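Me: Could you walk me through reading a few local features in this one? I'd like the general idea each time, then the case at hand.

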Amino acid sequence: MEQSREVRFFQAVQFLTYWAVGLWSYYILYLRNLGFGSREIGLLNAVGTGVTLVALPVLGVISDKIRSPRKMLAVCLIFAALLFPAVPLLGVAAGRSLWLFTTLTAVMLIFRKPIPTLLDSWSGAEMNRLDVNYGMIRLYGSIGFTAISVPAGFLIGSALPDWAGCACMPLMVIPVLALMLGRRGRACEAAPREKQERSIRTRELLRCVLRNYYFLSYLLLVLAIGFFLAVTEVYYSYIMDGAGVSRVYIGLVSGIRALWEVAVMLLVAKIRRRPPSWLLLTLSGLMIGAEHLLYHSGTGLPFILLAVFFTGVGGGIYYGTGNSYLFRIVDTRAATTALSLAGFLMSGIYIGVSAAGGAVIERYGVTVVTDGLAAIVILLTALFAAATAFGRYVLKLPYQCEKFVMDDGTVRVVKTSS
């Protein structure tokens, strides 16, 4: 009974969080409607994301030190909800001021970017403790994303003004209330003072993840996903333009992709221990790469919906398997640090793609970007698969074998597991 209550609680948190975060996609659309070009949008996002390169690892380490990703998540949700409505106000007051929009974007992303990482860390640790497949929790995030993005796609720009997606962001306050009123998580939450366990030294948390062979191999797949997310988040409206599809359908396309993710996450939950997780993750990367190979061979909305089937399936496998895999290869106490370092790497990719992608699209067209992305994603995925297989079958390395030095100097040993 207690387990089912906790599962339902985290399912509700996932739904409400991604329901609000789903409006973020309309930020880029609003910038385009203000008259910003692809080069300016790329520069704006690159500079803004650069600031988060420092914020993500710092927030991750702090979260592990205080053993409460829940509290850090609540802080990020509150500030993101308060800052996002300032976008249309600035648009009215300052017009196309690139400097002001870049500054505001940087401040917003400090709090917006860590939200999925902190949510994964908190929810994933609890589901790992309960031996529940995290994909069964994460799929409610995709359902929430669909629930807002599909109707918003039809309403924003027609029945509602194009700045409505930004102005409605305070909806993020709703999951904050759910988080604050919900029960305290056990796996990553600090115990009462009289029972509180000694904390791990910060350098030990970093050493744990940076000397983990499987985590370093996993970062190759993270790089691949980072390239995909950067192009999808910043330049997908340009891909739709290239396919001759109106931007008004961006919510519909995003929602259908999320529905495919839900269906696949349900399937992954049934087969999660067969085949091995790393093989499923390999399939995920290959499916995502395949989508972008298609964009130079067809046009029209039906073709776009066919193409997003591949990323819907690939994303569903990744979201349904990636977090559980990470908790198998990295000790739970260092999980937020590991997730934050992965987020740090994704932010670096995001900066590079944002800065260069706009100029490439402006000069050569969007097809060059999608073809190049497909090649990079498929190559990195193949390297991840090869490195992981080498570690398992040639080096025969266990998944976990770590020693932690606590703040008081004592040593805690994590038993190995294969």
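Me: Let's start with rings. How many aromatic pairs does the structure hold?

Reply: A pair of aromatic rings is described by the distance of the centres and the angle of the planes. Rings of Phe, Tyr and Trp (its six-membered ring) pair if their centres lie within 6.5 Å; planes under 30 degrees apart are stacked, over 60 edge-to-face, and the rest tilted. By that rule there are 13 aromatic pairs here. One of them joins Phe309 and Phe310, edge-to-face, with 5.5 Å centre to centre and 80° between the planes. Keep in mind that this is a predicted model: local features need pLDDT of at least 70, side-chain atom pairs count only at pLDDT 80 or more, and totals for chains, interfaces and linings use all residues. Residues are numbered from 1 along each chain as its sequence is written, and side-chain values use heavy atoms, leaving out hydrogens and water.

Me: Why does Phe309 count as partly exposed?

Reply: Buried means under 20% relative accessible area, exposed over 50%, and partly exposed in between (1.4 Å probe, protein chains only). Phe309 has 27% relative accessibility, so it counts as partly exposed. Phe310, at 22%, is partly exposed too.

Me: And why is the pair of Tyr318 and Tyr319 edge-to-face?

Reply: Because the planes of Tyr318 and Tyr319 are at 65°, with the ring centres 5.7 Å apart. Tyr318 is buried, at 12% relative accessibility. There's a cluster to look up as well: ring pairs link Phe9, Phe10 and Trp122.

Me: Which charged end sits over the ring of Tyr319?

Reply: A charge sits over a ring if NZ of Lys or CZ of Arg is within 6 Å of the ring centre and within 35 degrees of the ring normal. For Tyr319 it's Arg138, 4.2 Å from the ring centre. Arg257 does this over Tyr236, at 5.2 Å from the centre.

Me: Now backbone. What is the phi of Lys396?

Reply: Most residues other than glycine have a negative phi, and most peptide bonds are trans. Lys396 has a positive phi of about 55°, though it is not a glycine. Helices (H or I, at least four residues) and strands (E, at least two) are DSSP runs, numbered from the N terminus. On that numbering, Lys396 is in the loop between helix H17 (366–394) and strand S1 (400–405). Its relative accessible area is 62%, so Lys396 is exposed.

Me: Is Leu23 buried or exposed?

Reply: Leu23 is buried, at 4% relative accessibility. You'll find Leu23 in the loop between helix H1 (2–21) and helix H2 (25–34).
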